[in-house]
Amino acid sequence: MTAHDPSPTPVRLSTDKPISIAILAMGGQGGGVLADWIVAMAESEGFVAQATSVPGVAQRTGATIYYLELLRAREGAEPVLSLMPTPGDVDLVLAAEFMEAGRSVLRGLVTPDRTTLIASSHRSFAVVEKATPGDGVGDPLVVDAAADVAARRTIAFDMQAIAEENGSVISAALFGALAASGALPFPREAFERTIRAGGKGIEASLSTFAAAFDRVGEAPRAPVVRTPPKRSEPLPGPTGHANLDALVGRIRSEVPEALHALVYAAVKKLVDFQDPAYAGEYLDRLGRIVAADRAPGGEARGLAFSEAAAKYLANAMAYDDVIRVADLKVRASRFARVRAEAGVRDGQVLQTTEYMHPRMEEVCGTLPERLGLAIESRPRLFRALDRVVNRGRRVRTDTVVWFLGLHMVSALKPRRRGTLRHARERHHMEAWLARAEDLLTQNYPLAVEVLKARRLVKGYSDTHARGHSKFDRVMAAVPLLAGREDGAAWMDRLIRAALMDEEGEALDGAIRTVEAL
Amino acid sequence: MAERSFAREVEDLKLGDGEIFRGEGILAITKALLQSGVSYVGGYQGSPISHLMDVLADAKPVLDDLGVHFESSASEAAAAAMLSASVMYPVRGAVTWKSTVGTNVASDALANLASGGVTGGALIVVGEDYGEGSSIMQERSHAFAMKSQMWLLDPRPNLPSIVKAVEDGFELSEATNTPVMLEVRIRTCHVHGQFVAKDNRRPSFALREALENPRRDTNRIVLPPASFLHEKEKLEKRWPAAVEFVKSRRLNEFFGPADGEVGIILQGGMYNAVMRALQQFGLADVWGVSAVPLYVLNVTYPLVDDEMAAFCAGKKAVLMVEEGAPEYIEQALNTILRRRDIQTRIAGKDVLPMGGEYTAPVMMKGIGAFLEAHAPALLGNRPPLPDPAPVLSDPKVKALAEVVPPRPAGFCTGCPERPIFAAMKLVEKELGPHHVAADIGCHLFSILPPFNIGATTMGYGLGPASASAFNVPAGKRAISVMGDGGFWHNGLSTSVGNAVFNKQDGVILVVDNYYSAATGGQDIMSSRALNPRRKTNNTIVDAVKGIGVKWVRQIDHTYDVKRMRDTLREALTTKEGGPKVIVASSECMLNKQRRVKPLFQKAVKEGKRMVRQRFGVDEDVCTGDHACIRLSGCPSLSVKHLDDPLRDDPVAAIDNSCVGCGNCGEVSEAAVLCPSFWRADIIHNPTRVDRVLARVRGAVIGWLQRRRDARRIAFPA
């Protein structure tokens, strides 16, 4: 083999070609286990198998690729197999997460002439996606569309869910989908024998394998959605409570039908936040807004202003205060949800700790308006009290004393309308609404965007303050945009920029652009 | 290696004559060492050679049986120095590390070793961390071989070839009194393949014999005049001997027809990639038959000038396939031909890129350009080459570039280093940004989102030393970060000692996670585990106090973000001069889970009262600003979209992989984030007291809840 070939005759080349397989996974997902299974199976079926990877460091997060080649063994000959994929020359790509499937396409590993793409359609978000203050999640529809272009055949469904349902890991589900795809020249039994020979968690692996295998036969391609659809509840029939029924009646008679579901969700939220009367105030305001919307020809624009108002007015009215947090934390329904999420089984005891950090600002906000203001206007007193109040508190809501504490805070609800926080929120909300309504005749689309800017106000303490400051900065640009036809588009850009980073650097840049217009 | 067992791999080391070894490349090398009668093995763990160290650390019975001494060296320098055992005595020794970083550290010892020369075979297995998957600067180990005159093996990337290279390497070393480097790339280290094993061999000369019958020869010591003698010996004796050995033993290989218009000379490690490219052009097949003459350099240093010249002579052009820069072999090849006045055209870095891994497309393009220029007839009717370009230029595929997020490695779920950097972030918010000198280790992930902390990294254990210029009066102090691995590797003397001696007014943060975590969780000096074969539990605090640090704070629970933050603030603002050392200690979560999980499950099964913790988020309370994620980046803390028509942004959500480390709660408390987080303590096998207490509490709370619910006016859910 190592000597010079003595004959000058043309060499005769075999046309044998290995099956090439790329596995894309994130560290810790079991891509290595899957590669090992394929290797072991191929070897036991009379193939030569070579697998390699560039796993890098020991941590369990980064994207990793495993590459395998399988070739039917030939007596007395050793194949020369590649240690890396050739883009455009890969038969099979297995992706343990949907964006990793996208990555495989982007790397040129998936081509329409030959590649079967088997991917789990679930998402595991990368840090950059989830750290964005707004919604930084990548659009899976793009991956779906790219797979259609790139792959000869695509099998994609939520294999993580199948694995979890069967108490195993995603590699077993991928292995099942691989078996069902028929992309490898091995029978199902060979796959199952390999799992059995592996030795660990065999039964769970086998049932996951079988579930994924069957799924390929039933529905090999799950529909992909960017975000789950929003809930749309029809207006309820009689609720057994006159005040609630009255609210429903008002929605039915006063609100355009297209907005019924949204407004019902808003009313429901506000009844929960405060009481039916408060929801009635919301409907009063909304009624005015709808009338104002219709005047400059809002119908022609699909009452976009009313729709935005229906949503953001409700959010503005149901602000996040101490009373609301306490109310949410002590509910029976919430206790049940925590129990379920924590996976508490019968015979086990659950203890729940909340991490709270009240500051004097929150305490003042909960006091009657004048008292709160009086304390706030005395900085030394405020600081002294803050020293007592301001510290992290681990609240054990499963104990009677702590529960009673929160229960009592939540019982302040009837007095909420008199609190300092309520006065401030109301003032802020009214100024914002007035601003938007003023713009209605001059620049309808911009008026809609001004309502949407409310989205920026969220969070607690510093985050809340930062949100407010972003909101103020965005609103300060409104006069610059009011006279522009593309004002709404710019406003939308400002809002999106504000949601891109924490400190609002992108926003500042966008505002500078607006100022230079 | 405390928390992971390599028992199965150890079994592979016991295979005897004729049995088939199936496994990874790096384990094949491990087995080959034992088959070669090695007496001692040392090294420093690091990708891609960690497994060699890990498996031998677990293979004590096998090693004892053979009389082989194995050591986890304190650094690559220590490992290289270990090879001095082979200077005077006919014992074979092997050491290993990640290269070029490890070779940098080892260079002092290697230069001395290579100068004086060796009697017993000395083999240095370098894991060439180059190209995709690499975590270090992109350099070649080749330069080290040349500068100190050590021979460099670069075998074809299959198990039989690398096993043979180990055996040949020892013989070459002994025949030429020269240490030999065996270079294996990342993919080769991790390649799964098989080879026919041989029996392990006991060393013919025991280390004990050497100790009991010491020898010395001043001619082997690097001191004048011997050092001048060494240089002469290297060039006049050892070099020709090496060339003769490589030639007579046919360590380099020829494939394909004897004659041809063109040929390819390649590093052994490039063989499979070259063959695949030739296959695409219809000039080779998968069974190793090539229509183009190939000269494969399994030994890339020294070159065998006669073989090179003979291969080139009579050919119109030859392609030199040499990965990485500079192109040492190509330059040498040109000199060889020039001196002999051979007019063959040499192609190389003109058609192949100067730097970067020679991936399949790169190789295909380079070889294609070479053939096009010098032997277009060979390309025949030009079968279509695999080409993803049409797919990649489709707008629907191009759109992926916008949505597929980068996914670099980062801190694991529950990592104890996360709260340290969260605390640094909080201090940054108070005192402004500081110059942060980073080091090597998991903690370097702080430079990535969401933390974005760290300005430079200068080497293992060199973080504080790299901040030493900033020892000037200023309104802020420099912070340097160093892991426990770096601390013991080099940091104690080079960084902390330096800081004490020069009264460096800065903050040194030592991240102590009980293991050399980034390299796979090996034990080190300060590991808390009891390791019967090593002396662990040497504390970092004792060490730094021992060399004169006065201001030392030990934090034994890094998850205490508040304390972490306050200690950092104190270190940055105290009037005290000199280095301020904070040792932040908590166990690496990956290894802790490996250790604790089975114990937990066993205890639960035995009916013991055990508490499992995990965190969750109240989605009604969370407003979706993701401030918590920007102080965490934990894989288990993610986001989810709600079906609530009133909400725009996804809220935080914690999945089942949460290990209840506590970071989420601590951070939301310390940073005054929001009250959304809850911690569930799930008591398995509760005691009677637990049960009674829970029942009483449940009764009171349930009554209050029912009363509230009955009064609540609400729409049906």
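1. A residue is called buried here if 20 or more other C-beta atoms lie within 10 Å of its own C-beta atom, exposed if 12 or fewer do, and partly exposed in between. The points below concern a predicted model, and this cut-off is used in several of them.

2. Confidence. Chain B has a mean pLDDT of 96, with 100% of its residues at 70 or more. For the complex, the predictor reports an ipTM of 0.95 and a pTM of 0.94.

3. Helix α3 of chain B. This helix covers residues 50-57, and eight of its eight residues are buried, so the rest of the structure largely encloses it. The buried residues run from B:S50, B:H51, B:L52 and B:M53 to B:D54, B:V55, B:L56 and B:A57.

4. The contact between the chains. On the chain B side, 118 residues are in contact with 133 residues of chain A. Helix α27 of chain B (residues 688-711) supplies the largest share of the chain B side, with nine residues. Sorted by class, that side of chain B holds 64 nonpolar, 26 polar and 28 charged residues.

5. For A:L350, the bridge partner in β24(B) is B:I682.

6. B:G491. Which helix holds B:G491? The residue sits in helix α21 of chain B, which spans residues 484-501. B:G491 has 31 C-beta neighbours inside 10 Å and therefore counts as buried. Leaving out residues up to four places away in sequence, B:G491 touches B:G461, B:P464, B:M482, B:G486 and B:V496. B:G463 is 28 residues from B:G491 along the chain, and their C-alpha atoms are separated by 7.8 Å.

7. B:A313. This residue lies in a loop of chain B, between α14 (305-312) and β13 (317-321). Why does B:A313 count as partly exposed? B:A313 has 13 C-beta neighbours inside 10 Å, and the partly exposed class lies between the limits of 12 or fewer for exposed and 20 or more for buried. Apart from neighbours within four places in sequence, B:A313 is in contact with B:I342 and B:T344. B:I162 is 151 residues away from B:A313 in sequence, and the two are 30 Å apart in space, C-alpha to C-alpha.

8. The two residues side by side. B:G491, in a helix, counts as buried, whereas B:A313, in a loop, counts as partly exposed.

Terms used
Residues numbered from 1 in each chain as written. Chains lettered and ligands numbered in written order. Predicted model: local features only at pLDDT ≥ 70, side-chain atom pairs only at ≥ 80, totals over all residues. Helix = DSSP H or I, 4+ residues; strand = E, 2+ residues; numbered from the N terminus. Contact = placed C-beta atoms within 7 Å. Nonpolar A, V, L, I, M, F, W, Y, C, P; charged D, E, K, R; others polar. Pairing = 2+ DSSP bridges. pLDDT = per-residue confidence, 0-100.
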